[in-house]
Amino acid sequence: MIKVKLAYHDDALTYVKISGHANSDEYGKDLVCAGVSTIIVGVYNTLEKLGMLDIGTFKVEEGLAEFIIHKITRESQLILETLVTTLETIEYSYGDFIQIKKMEE
């Protein structure tokens, strides 16, 4: 199961942790893992392309992505909320393989 932890402070997304594997199919055919991995890398690459990696600390590796946001900007929040919306869409369709928990800091 992929577990997603989202933390908000004053309605701003400040922390994202995505860990685990969906195991919805055999390795190389797992569409849930592929979808989640694609959106993580896409969001990271977008932040990098726009020169926005200085807003936080980012870790992306096999089975784990962790974004800690130190500097809240309108643009970064829009990009990160796109991540959240996409993950929620995946959860809606494949809820047996991905779980999202939101919390307020």
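Trainee: Where does Asp 30 lie?
Mentor: Asp 30 sits in the loop between strand 2 and helix 1. Helices (H or I, at least four residues) and strands (E, at least two) are DSSP runs, numbered from the N terminus. The model is predicted, so local features need pLDDT of at least 70 and side-chain atom pairs pLDDT 80 or more, while totals for chains, interfaces and linings use all residues. Residues are numbered from 1 along each chain as its sequence is written, and side-chain values use heavy atoms, without hydrogens or water.

Trainee: Is Asp 30 buried or exposed?
Mentor: Asp 30 is buried (under 20% relative accessible area; exposed is over 50%, partly exposed in between, with a 1.4 Å probe and protein chains only).

Trainee: What is the nearest side chain of opposite charge?
Mentor: Lys 29, which is 12 Å away, and Asp 30 has no salt bridge (a side-chain nitrogen of Lys or Arg within 4 Å of a carboxyl oxygen of Asp or Glu).

Trainee: Which backbone nitrogen does the Asp 30 side chain reach at 3.1 Å?
Mentor: That of Cys 33. A polar atom of the Asp 30 side chain also lies 2.9 Å from the backbone nitrogen of Asn 23.

Trainee: New topic. How many salt bridges does the structure hold?
Mentor: One. Glu 88 pairs with Lys 102, and their closest N and O atoms are 2.6 Å apart. The pair links distant parts of the chain, 14 residues apart: Glu 88 is in helix 2 (residues 74–93) and Lys 102 in strand 5 (residues 98–104).

Trainee: What are the accessibilities of those two?
Mentor: Glu 88 has a relative accessible area of 28%, so it is partly exposed. Lys 102 is at 48%, so it counts as partly exposed too.

Key:
Lys, Arg positive; Asp, Glu negative; His and termini not counted. Polar contact = N/O pair within 3.5 Å; in protein donor to acceptor, adjacent residues only side chain to side chain.
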